[in-house]
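This report goes through strand pairing and helix packing in a model with its sequence.

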Amino acid sequence: MKPLTFLAPLVLAGAAWAHSLLTQATPAPDATVKRLPATVQLVLSEPVEMTFSAFKVYPLGSKGLAAAKREAARLFKTALEAKNDREGRADLGVVGSARTAERVELKLKENLKPGAYAVMWRVLSVDTHTSQDFYVFIYQP
Amino acid sequence: MDHSHEGSTTEIITRTLLYLGVFAQVGVGFFARWIGPELAQNRRALRMVLPFGGALLAVGSSLYLAYHIVWMLGGPTREVYLSYLTQTQQGNLLLARVLLVVALLGNELGPAARRNQPLDKVVFSLTALALLATLTLTAHAGARGGVALLSHLVHTAAVVAWGGSLLALGLLWNGRPETLAAVERLSRLGGVAVILFVLSGSLLALTHLSGFAISPPRAAANLTASAYGLALVRKLLGVAAVLGIAAFNRWWLLPRTRRAWLGRLVRLEALILLGVLVLTGFLAATSPPPTGLFDGDVGLVAGLPLDGAADGRGLR
């Protein structure tokens with residue numbers, strides 16, 4: 001048998017690799033909250049390398065959930081790559097300095113306006129795989 | 001929500017080459033000390049092909065995998081690459097792996113007589129286990145920890161000792177009496193190794209398919225309906241083929257001393273084992289089925305390819 005036969009399946013199929021997924025979040029996805037918490041808390045299914053992971057919260061303005069999700073999806077394509085965007089964001093960065101973590105806390109700015117907010121992240125899991133995602137919540141006092 | 005995306009072929013190939021390199025290097029070291037020291041000594045020049053080739057593959061594929069990950073995360077500049085190697089747990093493990101591969105290679109270059117000494121066997125065992133641990137800690141099991149971590153290390157050690165020795169025997173086979181002695185020892189090792197890797201592999205499969213957390217029908221569905229489950233089934237079929245040939249060799253050919261056929265089948269067994277390594281590369285690059293609370297609820301466009309110059313570092 002030619003050794004190359006073993007390599008044939010490699011060019012025929014790709015594979016899934018979203019290894020670190022969101023398992024808990026506060027505020028929860030799609031939730032409407034009356035009081036804004038001081039932090040957004042995310043729990044992932046696996047620990048991630050914090051130096052090579054990005055977490056951001058963006059204000060989406062006063063929108064309904066469906067419109068906010070569409071806006072978040074649009075923003076998601078570019079926001080994770082953006083640099084020097086602290087001013088436009090609703091968060092002050094990740095709390096703590098752990099090298100790897102599966103619980104991540106993002107401190108929110110004070111006096112945020114009512115409206116929709118998008119939480120987005122891109123992570124490098126400790127098993128060397130990457131994944132990215134986002135969700136939306138609404139602050140309505 | 002679909003978290004998958006095509007395009008991980010690079011990772012599968014790189015991981016396969018990494019496993020192959022470690023198999024070759026550790027396996028031949030184990031073979032030369034416990035399974036066929038006479039054969040290894042008589043065919044030293046040929047034997048050195050495996051540790052050298054294995055070391056080259058293990059180091060090259062490890063460094064390339066790091067390059068690939070850095071590229072996925074925002075461009076392979078030298079600063080980012082160095083930052084990945086020095087500031088992440090997996091980067092540190094990669095550097096440790098490279099050092100351990102070099103240490104093992106240095107040990108193999110020493111005089112053959114040294115390999116019979118107990119101290120050499122202890123040093124080899126500890127170095128090889130540490131090398132395998134660097135694989136375990138950057139696998140799915142490394143992220144899960146606990147029982148999965150221990151099971152993965154036992155699984156890998158049992159497979160590398162037996163499978164790596166099989167590769168070495170396939171390469172060094174010459175049909176002489178000392179070869180048959182090695183086959184008998186490998187066969188005895190196979191009995192223990194099979195029990196170990198079947199038990200540890202079952203534990204790992206149950207963990208990754210969420211078999212401990214969900215009902216048996218759902219776990220079975222994870223096996224047949226998820227990409228990870230199907231990759232696992234393909235690997236198990238390959239393992240069954242290797243074990244079938246091994247059993248035939250052990251209980252039919254070996255007692256009858258059919259050397260010519262034995263040699264051919266040992267090589268076939270080793271060849272199929274290489275195929276199983278490819279299937280293991282697939283398995284390692286495939287996400288286990290998710291059990292997250294928000295499966296199906298979060299986001300709209302997750303799983304977008306991460307190519308491009310995404311740079312979110314420095315957010316913290």
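Thr32(A) stands opposite Ile138(A), a residue of β8(A). The model is a predicted one. The strand that holds Thr32(A) is β2(A), residues 32-33, and two bridges join β2(A) to β8(A) in a parallel arrangement.

On strand pairing in general, the strands of a sheet pair through backbone hydrogen bonds, either parallel or antiparallel.

Strand β8(A) spans residues 130-139, and nine of its ten residues are buried, so the strand is mostly covered by the criterion of 20 or more other C-beta atoms within 10 Å. β8(A) is also joined to strand β7(A), residues 115-124, by ten bridges, and these two strands run antiparallel. Within that pairing, Arg122(A) is placed opposite Gln132(A) of β8(A). The hairpin of β7(A) and β8(A) has five residues between the strands, and Thr128(A) there takes a positive phi near 80°.

The sheet that contains these strands is open and has four strands in the order β2-β8-β7-β4 of chain A, with mixed pairing. β2 and β4 of chain A stand at its edges; each has a single partner strand, so one side of each is left without a neighbour in the sheet.

Helix α2(A) lies across β4, β7 and β8 of chain A and runs at about 145° to β8(A).

Chain A has another open sheet of four strands, in the order β1-β3-β6-β5, with antiparallel pairing. Its edges are β1 (22-26) and β5 (91-94) of chain A, each with a single partner strand, so one side of each has no neighbour in the sheet. Neighbouring strands of this sheet are turned against each other by 20° on average, direction ignored. Inside the sheet, strand β3(A), residues 39-49, and strand β6(A), residues 100-108, run antiparallel and are joined by seven bridges. Leu42(A) has Val104(A) in β6(A) as its bridge partner.

| Strand pair | Bridges | Direction |
|---|---|---|
| β2(A) and β8(A) | two bridges | parallel |
| β7(A) and β8(A) | ten bridges | antiparallel |
| β3(A) and β6(A) | seven bridges | antiparallel |

Chain B has 13 helices and zero strands. Chain B has 316 residues, of which 46% count as buried. Among its contacts between residues at least 6 apart in sequence, 78% join residues at least 24 apart.

At what angle do helices α7(B) and α9(B) cross? Their axes cross at roughly 125° and come within 9 Å, with α7(B) covering residues 118-137 and α9(B) residues 146-172. That angle makes α7(B) oblique to α9(B). The crossing of α7(B) past α9(B) is right-handed. On the side of α7(B), the contact is made by Leu129(B), Leu132(B), Ala133(B), Leu135(B) and Thr136(B). On the side of α9(B), the contributing residues are Leu149(B), His152(B), Leu153(B), Thr156(B), Ala157(B) and Val160(B). By class, this contact has eight nonpolar, three polar and no charged residues.

α9(B) also packs with helix α10(B), residues 177-208, at an angle of about 150° and with the axes 8 Å apart. The two helices are therefore roughly antiparallel to each other, angles over 145 degrees being counted that way. The crossing of α9(B) and α10(B) is left-handed. The residues of this contact divide into 17 nonpolar, eight polar and no charged.

Elsewhere in chain B, Gly53(B) lies in helix α4(B), residues 49-72. Is Gly53(B) buried, exposed or partly exposed? Gly53(B) has 15 other C-beta atoms within 10 Å and is therefore partly exposed, a count that falls between the limits of 12 or fewer for exposed and 20 or more for buried. Gly53(B) and Ala24(B) are 29 residues apart in sequence, and their C-alpha atoms are 7.6 Å apart in space.

Definitions and conventions
Residues numbered from 1 in each chain as written. Chains lettered and ligands numbered in written order. Predicted model: local features only at pLDDT ≥ 70, side-chain atom pairs only at ≥ 80, totals over all residues. Pairing = 2+ DSSP bridges. Contact = placed C-beta atoms within 7 Å. Axes fitted to C-alpha atoms, helices over the stretch in contact; angles between N-to-C directions. Parallel < 35°, antiparallel > 145°, perpendicular 65-115°, else oblique. Left-handed = near helix turned anticlockwise from the far one by under 90°. Nonpolar A, V, L, I, M, F, W, Y, C, P; charged D, E, K, R; others polar.
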